Amino acid sequence: MLVAGCGIAGSLIAAGLRDEPGVEVTCLEKATTVDHADAGTGVNIGPNGIKSLSGFMPEQADALVKASLPWKRWTIALTSGEDLMDLDLSEVADNDGIRIRWAELYALLRGPLGDGVRYGAELESCGIAGDGRLTATWRDRTADAVERAEDIDLLIGGDGRYSKVRTAFSGDNPPMFLGVCLYRLLFPVGPDCPIDDYGQWFNGPNRLLAYRVPGDFVYLAGSFPIPADSGVPDAMKNAEALTAVYRPATGTPSREAGFLIGAIERHCDSIHWARLQEASILFRPAERVLLVGDAAHPMVPTLGQGATQAMEDACVVVDEVRRALREDRSLASVPAAVEQRRAERVRFVVDFSRDATDTMLAGADPHAGTLEKRDPPFQEKLKRLYRDVAMPG
Ligand SMILES: Cc1cc2nc3c(=O)[nH]c(=O)nc-3n(C[C@H](O)[C@H](O)[C@H](O)COP(=O)(O)OP(=O)(O)OC[C@H]3O[C@@H](n4cnc5c(N)ncnc54)[C@H](O)[C@@H]3O)c2cc1C
């Protein structure tokens with residue numbers, strides 16, 4: 001079995017099947033071991049990701065929980081200081097979520113895999129040969145050589161948003177932009193830091209999201225509306241223009257908003273810029289091929305569900321491979337079984353994530369929109385999101 005990509009989904013699949021007799025897993029990762037050592041910024045994993053992992057891979061769940069900070073509350077306020085929502089996640093979830101740095105998350109997920117991962121190995125092509133065999137080639141960057149697998153019984157595309165596995169079998173998956181710029185920043189903080197658990201601060205549709213992660217860092221994701229058909233305007237990439245959109249028209253910002261605005265001013269040059277986008281869902285692009293995580297279902301990160309859903313996917317894949325082995329079935333049966341268990345839930349999460357973006361769109365009223373999020377329909381959906389995960393079969 002070949003897994004392309006050792007990200008969230010790929011690393012968990014490799015970990016879950018590492019000691020499974022009857023299956024040999026090769027995991028290709030285009031990054032070298034050092035490439036992601038200081039990767040990215042921060043990430044929050046929803047309670048559902050941890051619940052799912054605890055059910056299928058309790059060791060991995062314990063390791064993640066121990067190395068992270070708990071996500072227990074979700075607050076929403078205006079940058080002027082007016083509080084709009086203070087949600088205790090235990091009202092809608094069975095357990096806490098987590099807050100962690102990407103670099104730490106990668107290290108925890110990949111560390112135990114040892115030589116089960118081929119780092120610096122970039123999948124270049126895959127397809128079905130004339131005689132029906134499933135084949136793949138990859139470039140080993142460390143040796144500058146091309147290698148080939150000739151008869152793969154199951155190929156898993158865990159190679160992220162621009163998946164080569166997906167493209168090889170079903171073409172490009174064009175993005176749909178929502179008209180929102182989302183940028184990320186990680187910065188060190190001292191004892192005066194007023195930011196702790198997951199909070200959001202709005203000034204009109206312009207939003208600051210921040211929380212603390214282990215190691216005395218704060219992760220900040222700021223956003224503001226942009227035309228859906230344009231990139232991030234260069235004029236917005238300077239501290240003065242950027243911070244202006246979060247300053248309340250009347251009065252001074254709250255202590256938290258002021259702290260974050262100050263951090264943007266100081267660290268503007270380290271910002272990672274992106275645009276909110278999603279694309280279509282596809283689990284099975286061909287026989288014996290399964291897509292997972294962002295390769296299968298790129299979604300907007302509004303509810304922090306991209307990596308969380310990649311975890312849920314990985315749990316079900318591990319369960320279905322184990323089940324196929326137990327029942328002496330071919331691994332070719334796994335993609336359909338995974339799709340059967342995941343498709344409806346993923347559709348729900350993708351749609352819910354998009355709907356929850358309403359308060360970030362041009363012209364939105366975050367006041368009215370947030371009050372709606374306190375009402376039963378939204379809260380019931382949150383309960384479904386955080387609680388209704390697949391459990392071992
Ligand atoms: C601004 C922003 C904020 C986000 N915040 C959150 C959040 O708080 N919580 C959350 O749950 N999600 C969040 N997400 C989403 C999350 O980052 C992704 O959904 C998640 O990383 C997907 O996991 P994955 O395993 O599918 O892919 P990835 O984590 O992208 O991993 C793919 C792996 O495949 C490797 N790869 C790619 N191509 C090849 C190839 N050809 N050969 C070999 N290897 C290859 C890559 O190097 C990578 O290691 C956020 C996303 C964005 C853009």
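The model is a predicted one, in which local features need pLDDT of at least 70 and side-chain atom pairs count only at pLDDT 80 or more, while totals for chains, interfaces and linings use all residues. Residues are numbered from 1 along each chain as its sequence is written, and side-chain values use heavy atoms, with hydrogens and water left out.

The ligand is surrounded by 33 residues, a residue being counted as near if one of its heavy atoms lies within 4 Å of the molecule. The closest are Glu29, Asn44, Leu123, Asp294 and Ala307. By residue type, the shell comprises 14 nonpolar, 11 polar and 8 charged residues; here Ala, Val, Leu, Ile, Met, Phe, Trp, Tyr, Cys and Pro count as nonpolar, Asp, Glu, Lys and Arg as charged, and the others, Gly among them, as polar.

A polar backbone atom of alanine 9 is 2.9 Å from an oxygen atom of the ligand. Nitrogen atoms of the ligand take part as well: one lies 3.1 Å from a backbone N or O atom of lysine 30, and a backbone N or O atom of leucine 123 is found 2.9 Å from a ligand nitrogen. On its own the ligand has 1000 Å² of accessible area, of which the protein covers 86%; such areas come from the Shrake-Rupley method with a 1.4 Å probe.

Several elements supply at least two shell residues each, including helix 1 (8-17), strand 9 (121-128) and helix 8 (306-326). Helices (H or I, at least four residues) and strands (E, at least two) are DSSP runs, numbered from the N terminus. Helix 8 provides the largest share of the shell, 4 residues. Its 21 residues reach 30 Å from first C-alpha to last, close to the 30 Å expected at 1.5 Å a residue, the expected span being 1.5 Å times one less than the number of residues. Of these residues, 17 are buried, so helix 8 is largely enclosed by the rest of the structure; buried means under 20% relative accessible area (1.4 Å probe, protein chains only).

The structure holds 0 disulfides, a disulfide being a pair of cysteine sulfur atoms within 2.5 Å. For cysteine 6, the nearest cysteine sulfur, that of cysteine 27, is 4.0 Å away. Cysteine 6 is buried, with a relative accessible area of 0%.

Technical notes: Polar contact = N/O pair within 3.5 Å; in protein donor to acceptor, adjacent residues only side chain to side chain. Buried < 20%, exposed > 50% of the residue type's maximum accessible area, 1.4 Å probe, protein only.
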